[in-house]
Each structure stands twice: as C-alpha cells, then as structure tokens.
Amino acid sequence: MTKTSQKKILMNAFDMNSVGHINHGLWTHPRDQSHRFNELSYWTELAKTLEAGLFDGLFIADITGVYDVYQNNIDLTLRESIQLPSHDPSTLVSAMAAVTQHLGFGITVNLSYETPYQFARRFASLDHLTQGRIGWNIVTGYLDSAERLIGHSGLKDHDLRYEQAEEFLQLCYQYWEGSWEDDAIQKDKIRRIFTDPSKVHEIQHQGRFYQSQGVFQVAPSIQRTPVLFQAGASPRGLAFATAHAECIFIGGDQPKKIRQQVDKIRELAVQQGRQASDIKIFLGITVVTGETEQIAQEKLAEYRQYASPEAGLAHYASSVGMDLSKFADDEIIPYQKSNSIASVNEKFKTQQITKNDLKNQHVLGGRYPLIVGSGSHVAQQLIDLMDDTGIDGFNLTRTVAPESHQNFIRFVVPELQQRGRYKTEYQAGSLRHKLHQQGDRLAASHPADAFRCRPLKQEKSSHLSQHISA
C-alpha cells in the first residue's frame, strides 16, 4: 500500500459536558474526576492540560434528549450516567479560552432545535471572544426523546432533516458572510462614526423552513464563519458534509475500510467543486498507555473492572434505534430500518453481529478502536493508521479523567514528536488557519462564497443596503 507524505498528526480531545461520554462506567474508577464536570475548574484545568500537550482542539459532543431505547426506559441511563445529566457545551468556551491562547473549541449544536439567527449570533460572539478559535459540529439529531422534549410530534425523515440543515446553513452564511463588509467598523471618535452605514446590509430570506429580514447584530469576527465539523456518513449525510464541512469525523477499526471511507469523502468533495484536501478527516480512538507495554496492559485490566459494556450497549441501542436488550447474547441481530444514525445501523445489513460481539467491542464501554501499549507502541500505531488510511488526525476519547489525557501527553506525544509527526509548537492564527494553513476565512471554493458581502458600487444612499438571498 502506498504511504502518504509525512504529514503531522492533528489531534482533538473528544469529550462531553457530562459524566459518561463514550467509554461508559469508568466514572466509578476511584481516580476518575468526571463527576466534577459541573465545576468550571474541571474544564479550565483540562484546557490548560490539552494546550500543554499541543492539542489542536477540544471537541465537545452534545445531545438533545436521552437514551431511552434500551429496555424501553432510562433506568440504566440514569444509573450509569450515560450522557445524563449533560449540560450545554457552549457555556464552557469563554472560560477555557481565557486560560489558553491556541486551543480550538469544536462545539456540537443540533440545528433542528435552534433558530438560525440566535445560533449564528451566539457563535459569532464566541468567535470574537476566542479570537477565532471556535468551530461548530453540525448535527441534525436522531433521538425521538428529543422530539418529545421539544414538543414536536416525531423525528423528521432522515433526508428531510438534511434539507432543513442545508437551508439553515445558507441562512447562517448570509449572517456571517453577507451582512457586514470587512471595513464597516470605523471606530472614528473624531467624526463620530463607529460603523459606516453604507457597509452594512440587510438580509432578506424567504425559504421553505426559515424566514428572516434585517441586519445581523454581530460585526465580522476573525473567522466570520466558525470552522465547520460534521460526521454524516449516510449517502445524504455525506453529500451534505462534503459540500460544507472542513473537518469530518469517522469511525472504523479496519484500515482497509477506513481507507475506503476516506477515499469516498475526498472524491465527493472534488465532485462538489472543492479540493480533496479541503476536508480534514479525524478518526475516533481510545488509548490506554503507560511507561511500558506491561504497565499499559495492567492499566487496561484495571480499567475493565470499572467499565460497563452493557452501558455501552444501551448507548449503541439509541444510535441504531433498536432495543438490543430483547436479543439473547448469542443471537444474530437482524437489520431493521430506523430513523437514527444510518451509518451505524447499516452494519447489521452486511455483518452477522450478536450482543456478545457488541459487548466485546465495548470492553471499556465504548465502540471506538482501542489502542493499548507504551508511548512508543501507541505512537507507531497512530502513524501507521494515518499513513495506511489517509486520515489527517484523531479524536481521542477519555477513559479515566483526567489521567488518560495526561498519560497520552506524557507518553505518546513525545514519541510522535521524535518521529517528526507531531508539532513542537503552535502556529499563530485562527483555528481554521492552524488546521488548513490557508488563512482565517473560508476558501472561495466553499458554498459560503455565494453569500459573501461585496461592496455595492455607486451607493446612492447612506441608508442600509439590502442583501437578498439567492
């Protein structure tokens, strides 16, 4: 297999504003501190740790709703704290930004339950306060429990959710890119002109899902549009992601299949008029590491005593929209069409999977590939994975917090640096520039370019001009 060039690994910490995130049950470990997730110091300490380890970002997952599919109730979800309770991730950003200079923040927000204007205003404000370090993970939701909470009658059809997402983004692009010219802010105290009125334009949007008229309240931030993250893997989700996303998260544990996903993503991006390199692809992983192979294996054995594979199964059940508790441990689980995460559910079409298989995959309560070993061993595994599959980096889940991230930084990062595959210092600039090396703003090949604010020639009035959506 042909190796890719010696590119440096991008690294995000993958977390959630909750106790249990991906690797379930480990909150019971005596050294685990994730029960402190509701304390600001927990997050500011984590941000400083990750910046010391030169992580590119902290990616924070989120859900609206609860996992109530397994056993048709939330008893296990509550007992094992399977992302319940969970708090709003965007509330953490300003505090973490205040104690760091470079760390990026990718925040998950479900657009199905937001109004575009209020959302766009919140994220533009965060881009100002972080000095261009904010990203948005775009999700459309997959839980029926969320629909009931919000007061909707039921989950929209999978593809219809993406049609709504398309319009949501187009309207956000108008706010972020199309309302204010770059030099609208004058701050001229002598002439008493803070903003030049001729350089601020109204948005007028009349669409299928949304209507909006008026001026965006936030002046341009460093990035204007936050860095766009996505994880859609269904045919419709991939079409959406490869049109809009700058970073795509994928799962998988077989290099050959991961490579197929990566090649497909890059091919679709080119078909949409973008460069194959416009999208950075991150693979979700879990790492257990220590000074030696033996210590790492002993640590894994210790962690397994506290992990809950069944809690992982309950999380997985909501992802596929199927109550897995009704199957015997050795019974092959049949494929059932559902409205949940299409890419996860598709596995039952092509593979013979039992509950025992799933429990074996969830030895630490999570379904991402588990890499165990010394820092040297883990570093080489990550390099091989990257070179064999064409990905750009990893989303590193936590196991026992905060020691799992501390161990990774202590044992794995120096080994990656010695091999020339991990940065030794941060670059200046926004999160977008750090990831893509092409400036702070979205490229001209991105769909947002169609909504960009361009100076109007021969202004006849100092009144606000109008920017009319396509």
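Modeller: On a 1 Å grid over the protein atoms alone, a pocket is an open set of points with protein on both sides within 12 Å along at least five of seven lines, whereas a cavity is a set where a 1.4 Å probe fits but cannot get out; lining residues have an atom within 4 Å of a point. The model is predicted, so local features need pLDDT of at least 70 and side-chain atom pairs pLDDT 80 or more, while totals for chains, interfaces and linings use all residues. Residues are numbered from 1 along each chain as its sequence is written, and side-chain values use heavy atoms, without hydrogens or water.

Biologist: Which residues lie nearest the centre of the second largest pocket?

Modeller: The lining of the second largest pocket comprises 16 residues. Those nearest its centre are Lys 8, Leu 10, Asp 56, Lys 434 and Gln 437.

Biologist: Which helix gives the most to the lining of the second largest pocket, and how many charged residues does that lining have?

Modeller: Among helices (DSSP runs of H or I, at least four residues) and strands (E, at least two), numbered from the N terminus, helix 16, residues 431-436, contributes the most to this lining, with 3 residues. Ala, Val, Leu, Ile, Met, Phe, Trp, Tyr, Cys and Pro count as nonpolar, Asp, Glu, Lys and Arg as charged, and the others, Gly among them, as polar. By class, the lining has 5 nonpolar and 3 polar residues, and the number that are charged is 8.

Biologist: How many residues lining the largest cavity are polar?

Modeller: The largest cavity is lined by Ser 112, Tyr 113, Thr 140, Glu 147, His 152, Leu 155, Lys 156, Arg 161 and Gln 164. Of these lining residues, 2 are nonpolar and 3 are charged, and the polar number is 4.

Biologist: What is the angle at which helix 6 and helix 7 pack?

Modeller: Axes are lines fitted to C-alpha atoms, over the stretch in contact for helices, with angles from 0 to 180 degrees between N-to-C directions. The axes of helix 6 (residues 158-178) and helix 7 (residues 235-244) lie 9 Å apart, and the packing angle is about 15°. That value makes helix 6, relative to helix 7, roughly parallel.

Biologist: Which residues of helix 7 does helix 6 meet?

Modeller: Helix 6 contributes His 158, Asp 159, Tyr 162, Glu 163, Ala 165, Glu 166, Leu 169 and Tyr 173 to the contact (heavy atoms within 4.5 Å). This contact of helix 6 with helix 7 has 5 nonpolar, 3 polar and 4 charged residues. On the side of helix 7, the residues are Arg 236, Gly 237, Phe 240 and His 244.

Biologist: Helix 1 and helix 15 also pack; how many charged residues has their contact?

Modeller: The axes of helix 1 (residues 40-52) and helix 15 (residues 403-418) come within 10 Å and cross at roughly 15°, which makes helix 1 roughly parallel to helix 15. Leu 46, Thr 49 and Leu 50 of helix 1 meet His 405, Gln 406 and Ile 409 of helix 15. The contact has 3 nonpolar and 3 polar residues, and the charged number is none.

Biologist: How are helix 14 and helix 15 oriented to each other?

Modeller: Helix 14 (residues 375-389) packs against helix 15 with the axes 8 Å apart, at an angle of about 55°. Angles under 35 degrees count as roughly parallel, over 145 as roughly antiparallel, 65 to 115 as roughly perpendicular and the rest as oblique. Helix 14 and helix 15 are therefore oblique.

Biologist: Which residues of helix 15 make the contact with helix 14?

Modeller: From helix 14 come Gly 375, Ser 376, Val 378, Ala 379, Leu 382 and Ile 383. The contact divides into 8 nonpolar, 2 polar and 1 charged. Helix 15 supplies Phe 408, Phe 411, Val 412, Glu 415 and Leu 416.

Biologist: What is the omega of the peptide bond from Ala 401 to Pro 402?

Modeller: Pro 402 belongs to the loop between strand 13 (393-397) and helix 15. The bond from Ala 401 is cis, with omega near 0°.

Biologist: What is the omega of the peptide bond from Leu 84 to Pro 85?

Modeller: Pro 85 lies in the loop between helix 2 (75-79) and helix 3 (93-98). The bond from Leu 84 is cis, with omega near 5°.

Biologist: What is the phi of Leu 54?

Modeller: Leu 54 is located in the loop between helix 1 and strand 2 (57-61). Although Leu 54 is not a glycine, its phi is positive, at about 60°.
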